[in-house]
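Me: Hey, I've got a new model open and would like a quick tour. Can you walk me through it?

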Protein chains: 2
Amino acid sequence: MEKFPITDRTEITRLAKRGVYDKDTVYAILDEAMFCTIAYVRDGMPFQIPTGFCRIGDKLYVHGSVGSFYMRELAEKKLPVCITVTFMDGLVLARSAFHHSVNYRSVVVFSEAKKVEDQDELYMALEVFTNKLQPGRWDDIRKPNAGEWKATMVLSFDIQEASAKVRTGGPKDDEEDYSLDIWAGVVPLTTTRLQPVPDDLLKAGIAIPGYLK
Amino acid sequence: MEKFPITDRTEITRLAKRGVYDKDTVYAILDEAMFCTIAYVRDGMPFQIPTGFCRIGDKLYVHGSVGSFYMRELAEKKLPVCITVTFMDGLVLARSAFHHSVNYRSVVVFSEAKKVEDQDELYMALEVFTNKLQPGRWDDIRKPNAGEWKATMVLSFDIQEASAKVRTGGPKDDEEDYSLDIWAGVVPLTTTRLQPVPDDLLKAGIAIPGYLK
């Protein structure tokens, strides 16, 4: 099992047993996530941007407009970034207030932005990104034209310094609390895709595609 | 309608029409969110922590162990923080790749931590936090004892500099693309609470409480 090296920045020190450094786990969490938040430093102050992203191999990709101030700033100044992804998988209801918790999976990546200049890499990133949001979508849609490609900026981030933190399972109460008359357990949380809503301006006679059923 | 002042840090410059500064909208998003991410700067580098939180009035509260390194650091050094909350409410599937988007609601707050020393405020924050995760839970559980209170740290963050960014509605395509034979619309996303799972060690005869049904 391939692991990320543990560094000063990625070592889980609080509840260390929840730390996970193997690539398969980190990548599975990243691949399930619909968005990440990118933190960076501007004039000594912290900033954060929530954004969609995808992973290809050992890189994360985000895209946006060539007019995006934060993307240009990240790329031109090669600013260090901290990227996180978080899932809340369940509410852990213990018998005591103190042992209430949540089941979660989170990933932290430390990296810096590179502007993607290679056209094949840029094209691939958008295709993977689109199909990550909605599998099967890319083949169905009008591809970007020359002007649209020119208006699109893609940044890549090497994933070399990363870790995950994961909690699963039921509540852990103090020994003497197990005899209390209090319900305890887990309320699982999940993100659900609801029934697709057709655009008001959808052309007549177009059926919902198979990948959306 | 009360609004947050627009500052250099909170002004939405990219797709400015999606910017929302009224308190009711910002607070509704914060109150629905189960977790936030807190970004701060350590030795010039960006860090991020995903954590649960709650809002009371014009303050956000997070809690943790008195042994939490990041919480002590935030409180002792009065570090500036950027706190974000994000919902992805839907995938916006346009006819063109370029106009694919997501419906989202996000909030950014700039603030700094204060350690809560007042016992009433600390107690209230934990009660509100617990009932935010699971309405009705606080009255049902064993309250913290003296040792547990001592082991708990709560930080507050004034919400004075904040803004939201919101996208809703269907895809917006280029005029000439509306005649293409491509399905377009929105796939709504929602977070669902599943059926509660009782703890393996649940005492016999304890029914599931009404607030969990």
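Me: Anything to know before we start?

Reply: This is a predicted model, so to speak of local features a pLDDT of at least 70 is needed, side-chain atom pairs count only at pLDDT 80 or more, and totals for chains, interfaces and linings use all residues. Residues are numbered from 1 along each chain as its sequence is written, chains are lettered from A and ligands numbered from 1 in the order written, and side-chain values use heavy atoms, leaving out hydrogens and water.

Me: Ok, how many aromatic pairs are there over all chains?

Reply: Twelve. Rings of Phe, Tyr and Trp (its six-membered ring) pair if their centres lie within 6.5 Å; planes under 30 degrees apart are stacked, over 60 edge-to-face, and the rest tilted. One of the pairs is Tyr123(B) with Trp138(B), edge-to-face at 5.7 Å centre to centre and 90° between the planes.

Me: Where do Tyr123(B) and Trp138(B) sit in the chain?

Reply: Tyr123(B) is in helix H3 (residues 119–133), while Trp138(B) is in the loop between H3 and helix H4 (146–150), 15 residues apart. Helices here are DSSP runs of H or I, at least four residues, numbered from the N terminus.

Me: Is Trp138(B) buried or exposed?

Reply: Trp138(B) is buried, at 2% relative accessible area. Buried means under 20%, exposed over 50%, and partly exposed in between (1.4 Å probe, protein chains only). Tyr123(B) has 33%, so it counts as partly exposed.

Me: What about Tyr123(B) and Trp149(B)?

Reply: They form a tilted pair, 4.9 Å centre to centre with 40° between the planes. Trp149(B) is in helix H4, 26 residues from Tyr123(B) in H3.

Me: Switching topic: which ring does the charged end of Arg42(A) sit over?

Reply: That of Phe47(A), 4.4 Å from its centre. The test is CZ of Arg or NZ of Lys within 6 Å of the ring centre and within 35 degrees of the ring normal. Over in chain B, Arg42(B) lies over the face of Phe47(B), at 4.5 Å.

Terms used
Helices (H or I, at least four residues) and strands (E, at least two) are DSSP runs, numbered from the N terminus.
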